[in-house]
Amino acid sequence: MTIRLYDTSARQIRDFTPLTPGRVSIYLCGATVQAAPHIGHIRSGLNFDIMRRWFAYRGYDVTFVRNVTDIDDKIIAKGKDQNRPWWSIGYDNERAFNAGYDALGCLPPTYEPRATGHVPEMIEMMRGLIERGHAYEADGSVYFDVRSFPGYLELSNQDLDDLRQPDEGVSGKRDPRDFAMWKATKPGEPDWETPWGRGRPGWHLECSAMAHKYLGSAFDIHGGGLDLIFPHHENEIAQAKAFGDEFAHYWVHNAWVTMSGEKMSKSLGNSVLVSEMVKNWRPIVLRYYLGTPHYRSMIEYSEESLREAEAAFGRIEGFVQRATEKAGRTVPAAAEVPPAFAEAMDDDLGVPHALAIIHTTVRQGNSALGADDKDEAIARLAEVRAMLGVLGLDPLDPQWADGSGGGEELHGVVDTLVRLVLQQREAARERKDWGTADAIRDQLTQSGLVIEDSPDGPRWTLANR
Ligand SMILES: [Zn+2]
């Protein structure tokens, strides 16, 4: 039962060996809070939420740090455009991101540090790098000297001779491929005092500094989207290792959500914002849609594929509901997931394969229900709940309940009330009062319930919004 992960840096799947037995430390590059998140932004957080849940299931004590990049060119530009403080723009979007993570059931990180809260740590790192000859100051900016660090570009497997560093619109570099860790102040921009004059952080430095502060000079896993491999992660590695840190032992990258083959982008407008999507789709269905393809596979977004996911999840959810009714009580999740499910998850978080085990177990459970084999149905239900729990997709988990009440308790109360109303409808039918019977049914429908007649009596479900 060793967890194996695809390590971008080794370009192969490796057995996971923790730095400290029983513990895993994960640093995930989080949001640059320029705008409210669309579903493509949330996918990374969701993939790594499933990763940490699996480590926790395997008995690891998980430390999970996901940063917030709360200062960059676009945040500052938006502040100017909207005549608002730049930091209020970042904070609004940070809250929208957290609302998105919460809506899709991502557990909060152990800690969520912001870039602007760590300027002293960045200064300390720059001072160390300048002392060791890996960085230099020019016109108030501080640059990393890429030729001074032999391991540069190993993660992305590029050759320094072929490299063109993205143009940062700044001068004073000794080599055009050097990157800015710190940018000299410009009129009207926020700045901080440093030994090299006033200025503000470049993007890459914050992650090296914050990973060092919260996870130490060596930690287990560094994660992020594929697009971060270069330049961001290369630059993080250069800064941290040249500073003297071992830095991350494994590099894990998630694929994107695409539209027509292209990475989903802000230019698509509001339609794919998480805040809009949750109005049209149940959050648990969105989680199923974004969380169940393999984290290294692209998700080509379409409404049709989302509808398919909804139907597939509906089959699982329907079984959980029918089997719970058959049991006449809430059946707790099994203490352990089936071995085949665990094997799939150990194998580079093979969620698609693990999901197939869930669907197979659901089919077995449905057969048991069909054969009126209550014990067998209950056993399958306990397994299904255990597996869904690992993926954060158990529909009976209180987090998916609407409102503030506990999911299972609220379900029980509603169930009692609905049954009471249905008894009234039955009584009306018996006295051939069809008008009243129909009116009761219509009112239940209007309240968002779907009533079906089954051999065990009428059954209710929530209509999909
Ligand atoms: Zn980062």
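The model is predicted: local features need pLDDT of at least 70, side-chain atom pairs count only at pLDDT 80 or more, and totals for chains, interfaces and linings use all residues. Residues are numbered from 1 along each chain as its sequence is written, and side-chain values use heavy atoms, with hydrogens and water left out.

**Zinc site**

- The zinc ion has the protein donors Cys29 (SG), Cys207 (SG), His232 (NE2) and Glu236 (OE), at 2.0 to 2.4 Å; donors are N, O and S atoms within 2.8 Å of the metal (3.2 Å for Na, K and Ca), and sites may look incomplete since water is not among the atoms.
- Cys29 lies in the loop between strand 3 (23-28) and helix 1 (39-57), and Glu236 lies in helix 6 (residues 229-243), so the pair ties together parts that are 207 residues apart in sequence. Helices (H or I, at least four residues) and strands (E, at least two) are DSSP runs, numbered from the N terminus.
- Both Cys29 and Glu236 are buried, where buried means under 20% relative accessible area, exposed over 50%, and partly exposed in between (1.4 Å probe, protein chains only).

**Paired strands**

- Strand 1 (residues 4-7) and strand 2 (residues 12-15) pair in the antiparallel sense over four bridges; two strands pair if DSSP finds at least two bridges between them.
- These two strands form a hairpin with four residues between them, and Arg11 in the turn has a positive phi of about 55°.
- An open sheet of three strands, with mixed pairing, has the order 13-12-14. Its edge strands are strand 13 (262-263) and strand 14 (299-300), each pairing on one side only.

**Salt bridges**

- The structure holds 28 salt bridges, each a side-chain nitrogen of Lys or Arg within 4 Å of a carboxyl oxygen of Asp or Glu.
- Asp7 and Arg14 form a salt bridge, with their closest N and O atoms 2.6 Å apart; Asp7 is buried at 2% relative accessibility, while Arg14 is partly exposed at 27%.
- Asp73 forms a salt bridge with Arg200, at 2.5 Å between the closest N and O atoms. Asp73 lies in helix 2 (residues 73-81) and Arg200 in strand 9 (residues 197-201), so this pair ties together parts that are 127 residues apart in sequence.
- A network of salt bridges links Asp73, Lys183, Glu189 and Arg200.
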